[in-house]
Amino acid sequence: MTLSHCITLSLILCGIGLFGMLTRRNLLGIMLSVEIILNGANINFAAFAHFKATDPVAGAIFPIFVMAVSACEIAVALAIILSMYRRKKRLDVYRLEELNG
């Protein structure tokens, strides 16, 4: 496996995530698409850390940081989605017109 294979895989994952994010109507599907994009970025960070960095441990910090931010994002997004579902009984983004507190 070379760096170009990892970059290709990362681009494919980012493309799938971007396509899913732009075409999904369900909030959970959009959130999963964002996670696919972040995983593509993590593969890119890990690949460059493995193939190009002089200290591979330093390059592994970025994917761990991205995973921590992603976990926090998922926790907040799930709380918002559950709250919206309880109020509106649907998760279609085109029918959710307002986000009042």
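Predicted model: local features only at pLDDT ≥ 70, side-chain atom pairs only at ≥ 80, totals over all residues.
View 1. S4 has its place in helix α1. Although S4 and A47 are separated by 43 residues in sequence, their C-alpha atoms lie 9.2 Å apart in space. Across the protein the mean pLDDT is 86, with 95% of residues reaching 70 or more, and helix α1 (residues 3–23) has the highest confidence, at 94, whereas helix α3 (residues 56–88) has the lowest, at a mean of 85.

**View 2. The two faces of helix α1.** Helix α1 comprises 21 residues and extends 30 Å from its first C-alpha to its last, close to the 30 Å expected at 1.5 Å a residue. Its buried residues are L3, C6, S10, G17 and G20. Viewed down the axis of α1, these buried residues fall within an arc of 125°, so they line one face of the helix. An α-helix has 3.6 residues a turn, so residues three or four places apart point the same way. The buried residues of α1 pack against α2 (27–51), while the face turned away from the buried side carries the exposed residues L11, F19 and L22.

**View 3. The cysteines C6 and C14.** With a cut-off of 2.5 Å between cysteine sulfur atoms, the count of disulfides comes to zero. The cysteine sulfur closest to that of C6 belongs to C14, and at 13 Å it is too far for a bond. C14, for its part, is in no disulfide, since the nearest cysteine sulfur, that of C6, is 13 Å away.

**View 4. Ser33 of helix α2.** S33 is found in helix α2, and because its relative accessible area is 5%, S33 counts as buried. When residues up to four places away in sequence are not counted, S33 touches G17, G20, M21 and R24.

**View 5. Helix α3 and its buried residues.** The 33 residues of α3 should span 48 Å at 1.5 Å a residue, and its end C-alpha atoms are 48 Å apart, which agrees. Buried in α3 are G59, P63, V66, S70, A77, I81 and M84, and the buried residues of this helix pack against α2. After α3 comes K89, whose phi is positive, near 60°.

**View 6. The largest nonpolar core.** Seven residues make up the largest nonpolar core, namely L27, M31, A77, I81, M84, L91 and L96. Helices α2 and α3 each supply at least two residues of this core, and α3 gives the most to it, with three residues. In soluble globular proteins, nonpolar side chains tend to be buried together. Leaving aside neighbours within four places in sequence, L27 is in contact with I81, M84, L91, V93 and L96.

Technical notes:
Residues numbered from 1 in each chain as written. Heavy atoms only, no water. pLDDT = per-residue confidence, 0-100. Helix = DSSP H or I, 4+ residues; strand = E, 2+ residues; numbered from the N terminus. Expected span 1.5 Å × (residues − 1). Buried < 20%, exposed > 50% of the residue type's maximum accessible area, 1.4 Å probe, protein only. Arc of directions from axis to C-beta. Contact = heavy atoms within 4.5 Å. Core = buried A, V, L, I, M, F, W, Y, C linked by side-chain atoms within 4.5 Å.
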